[in-house]
Amino acid sequence: MGKSTGFLEFERENNPAVEPKERIKNFKEFHPALDKEKRQKQAARCMNCGVPFCQSGAMFGGMFSGCPLHNLIPEWNDEIYNGNWKQALSRLKKTNNFPEFTGRVCPALCEAACTCGMNDTPVTVHENELAIVEEGYRNGWIQPNVPAVRSGKRVAVVGSGPSGLAVADQLNQRGHNVTVFERDQQPGGLLMYGIPNMKLEKSVIERRVDIMKAEGVEFRCGLNVTGAEQLADYDAVVLCCGSKQARDLNVPGRDADGVSFAVDFLADATRRLIGESVHEGLTAEGKNVIIVGGGDTGNDCVGTSIRQGAKSVVQLEMMPKLPDTRAANNHWPQWPRVCKTDYGQQEAIAVFGHDPRIYQTTVKELIKDEDGKLKEAVIVSLESKKDEKTGRMIMVEVEGSEKTLPCELLLIAAGFVGCESYVTDGFGTERTARGCVATEDGHYKASAGNVFTAGDAHRGQSLVVWAIAEGRACAREVDEYLMGYSNMM
């Protein structure tokens, strides 16, 4: 697909980025798009490789490779190259309900599996996808599609994150009457409140939700569903409430005023931008900030803290630094386990003159002032040693390596340990060892009555693209339950 010799003729060119010291002045997205001519050249690099690993979505060596949605990537790359943007959108919509989300926040598993990336740089699949959907909006090709026939079946979706929106969209298009319940004031779940505005502007979510409303999906926000009795009138209930039970930090001084979970900090930052009520003290302005966790959420906290005017930012990572290039045992098309300097770290380097990350380090103690407010954090270095009981390698403290850093705000970005217990308790569903709603392998029906589940509530903390894939698969299973069969993809 694309131009048969395109990968030999054209170099990879990404969307440009606004310089770090300029973009930190606001919370706006900072990757302006390439013009159409350049984008078509990028699509021309798609190789007609025979076996498109990009869309395969398969396990290789214990790691997932390719797109979980099985997006028809070579097909719409070919359409872009030939200038057939409307046809490209048609192919994209067949597998992805919300390419405007994944085109912005997905880490691009597809690109890691691109055959062109085996010996060169991969095709800009992620940005091509975004270009298609935004071209669709600009030209008015994306309009409400109201189902012509209704089934009379009523479905309640609890949670309006990407999995909940995907379930609702699919089942509504099938003709079922769908109501989405959201405990926050706006739909979108972590898309709205967990992903910072500079990665996903909230108008993008509102634009899609408005279309879904016009298509017949009902959104009831500011309402926390706590049990099955609230939804007794529905034919099916789908729990898409996420994996929001944050992993805590068990150290002396944890109760200090100035310690927060990262997800609460990021949500509060969004509320400030959209005019909702906030916690007055939950800001990085003028503070020395320490972030515990080296993943995407930790990086988002770095970028947000800098925009709020932090005095300093340190990011602690328990594990060693990953290599800068693929290790010998990390073969293509596996996900490349390499060190990535993301936008937040780039901004910290520009502002403070150094990478904020300190590897193989964690917090040992938090120190409060006389008013109970956080003033310092004692950090300690870690090393890998074998646990004599289990034989596994574990990280242990290096004796005498303690250091004390000034800290008025400590953010815990150490991941999540499952969905909140009141959800499973209220619906009488069993839980997995990971704290998620239990189902049979490969299925989405929970152990209780007419209850189903999808997304992070089902699989644990994961990616937006996986949440959409789960939502689509769950919707098909719900449809079969309601109708006795399903013709949904």
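Reply: Take H12 and H13. The crossing of these two helices is left-handed. One caution before going on: the model is predicted.

Start with the geometry. Two packed helices are described by the angle between their axes and the distance between the axes. H12 covers residues 262–274, and H13 covers residues 296–307. Their axes come within 10 Å. The crossing angle is roughly 40°. H12 is therefore oblique to H13, because angles under 35 degrees count as roughly parallel and the perpendicular class runs from 65 to 115.

Now the side that each helix brings to the contact. H12 supplies Ala262, Phe265, Leu266 and Ala269. On H13, the partners are Thr297, Asp300, Cys301, Thr304 and Ser305. By residue class, this contact holds 5 nonpolar, 3 polar and 1 charged. Asp300 of H13 is the charged one.

Then the setting. The chain has 17 helices and 16 strands. Its C-alpha trace spans about 65 × 60 × 50 Å along the principal axes. The radius of gyration is 23 Å, which agrees with the value near 23 Å for a compact globule of 489 residues. Buried residues make up 52% of those 489 residues.

Take the contacts in the chain with a separation of 6 or more: 67% of them join residues 24 or more positions apart.

How values were computed
Residues numbered from 1 in each chain as written. Predicted model: local features only at pLDDT ≥ 70, side-chain atom pairs only at ≥ 80, totals over all residues. Heavy atoms only, no water. Axes fitted to C-alpha atoms, helices over the stretch in contact; angles between N-to-C directions. Helix = DSSP H or I, 4+ residues; strand = E, 2+ residues; numbered from the N terminus. Parallel < 35°, antiparallel > 145°, perpendicular 65-115°, else oblique. Left-handed = near helix turned anticlockwise from the far one by under 90°. Contact = heavy atoms within 4.5 Å. Rg over C-alpha atoms; globule rule 2.2 N^0.38 Å. Buried < 20%, exposed > 50% of the residue type's maximum accessible area, 1.4 Å probe, protein only.
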